[in-house]
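Here are a few friendly notes to read alongside the model. Take them one at a time, and keep the 3D view open as you go.

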Amino acid sequence: MAEKILFIIFASLAVLGALGVITRTNIVHGLLLLVFTFVNVAAVFLLTQAYFLAVIQVLVYAGAILVLFAFVVMFLNLKEFHQLEQLHGTQKWAVLVLAPILLAEIVVVVAGATWTSVGAGITPDAIAAQGGNVRVLGITLFNEMLLPFEMASLILLVGMVGAIVLAKKEDGASMALRDWTGDEEAAQAVVEQEV
Amino acid sequence: MTPVLVLSAVLFATGMFGVLTRRNAITLLVSVEIMMNAGNLNLVAFSRLYQPELMTGQVFAIMGIGIAASEAAVGLALILTIYRRYGSTDVDRVRLLRE
């Protein structure tokens with residue numbers, strides 16, 4: 001019973017935070033509300049006994065990704081955001097109808113389905129008997145899920161390289177051309193062509 | 001687990017609303033993050049429902065978080081590039097392909 005009450009509290013706070021994120025005109029307020037939403041979702045993870053994920057959620061989402069967003073907001077001209085914050089004119093009303101319809105569809109499907117759960121008998125004690133959430137998760141992660149894990153690391157590497165190439169001051173295409181051929185003039189020609 | 005799935009649906013719809021209505025590219029990316037979080041919530045809920053002792057779903061949720069991190073990095077680098085070229089982060093101004 002206590003779990004249900006806690007779930008209702010955290011879930012409603014998360015939804016309120018998310019609604020705040022998409023309605024604030026000040027981007028910094030939106031980011032702070034995003035942290036609030038993520039922490040509440042982490043609490044919901046705790047209630048579904050995904051303890052390790054809850055910690056990762058706070059560390060990676062509420063920590064690392066938010067710092068990334070905050071840095072980019074600092075790079076850009078903040079004054080301009082207020083002028084920019086109008087919504088799309090006609091599109092807004094279409095979405096105001098379509099988003100609730102999508103929500104209603106998912107809720108109808110989810111509520112209508114009967115889940116034949118095999119895990120109804122699995123209690124927190126059963127997982128604790130195997131050594132706890134983190135231990136079971138680690139064993140799964142480094143045994144049968146090893147290939148997806150390595151692929152995730154590769155995706156992170158590609159993302160890192162891509163972010164560096166894109167965000168560099170110099171034009172990305174010309175830089176790659178110069179590095180490959182060592183031809184400074186051809187690279188400059190690419191820059192002028194693009195401008 | 002149905003309440004968790006409903007929460008995930010609500011968060012997803014909220015994120016979609018944000019993506020489709022806002023014009024600021026950073027708010028767009030933030031809304032995408034909310035949608036990815038809703039997906040992770042779904043993975044965790046179904047993992048709890050069907051394989052609570054195996055946790056394959058939770059491992060995939062960890063992968064989802066990692067992919068969201070790299071997506072945020074690339075997206076923010078794109079936003080910086082767009083800002084340098086167009087002088088704003090208004091997604092309506094980026095219409096080179098339409099003209």
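1. Let's begin with chain A, which is divided into domain 1 (1–79) and domain 2 (126–168); these bounds come from an automatic or database domain assignment. The centres of domain 1 and domain 2 of chain A, taken over C-alpha atoms, are separated by 22 Å.

2. A word on ground rules. This is a predicted model, in which local features need pLDDT of at least 70 and side-chain atom pairs count only at pLDDT 80 or more, while totals for chains, interfaces and linings use all residues. Residues are numbered from 1 along each chain as its sequence is written, chains are lettered from A and ligands numbered from 1 in the order in which they are written, and side-chain values use heavy atoms, leaving out hydrogens and water.

3. Now look for the largest nonpolar core, which has 58 residues. A nonpolar core is a set of buried Ala, Val, Leu, Ile, Met, Phe, Trp, Tyr and Cys residues joined through side-chain atoms within 4.5 Å. Buried means under 20% relative accessible area, with exposed over 50% and partly exposed in between (1.4 Å probe, protein chains only). Among the members touching the most others are A:Phe45, A:Leu53 and B:Leu41. Helix α3 of chain B gives this core its largest share, eleven residues. Each of domain 1 and domain 2 of chain A supplies at least three residues.

4. Which residues does A:Leu53 touch, not counting those up to four places away in sequence? They are A:Phe45, B:Val44, B:Gln58, B:Ala61, B:Ile62 and B:Ile65, where contact means heavy atoms within 4.5 Å. A:Leu53 sits in helix α3 of chain A and counts as buried, at 0% relative accessibility. Helices here are DSSP runs (H or I, at least four residues; strands are E, at least two), numbered from the N terminus.

5. Over in chain B, helix α2 (residues 25–50) and helix α3 (residues 56–86) pack at an angle of about 175°, with axes 9 Å apart. Axes are lines fitted to C-alpha atoms, for helices over the stretch in contact, and angles run from 0 to 180 degrees between N-to-C directions. The two helices are therefore roughly antiparallel (angles over 145 degrees; under 35 is roughly parallel, 65 to 115 roughly perpendicular, and the rest oblique).

6. Finally, find B:Ala38 in helix α2 of chain B. B:Ala38 is buried, with a relative accessible area of 1%. Leaving aside neighbours within four places in sequence, B:Ala38 is in contact with B:Ser8, B:Leu11 and B:Phe12.
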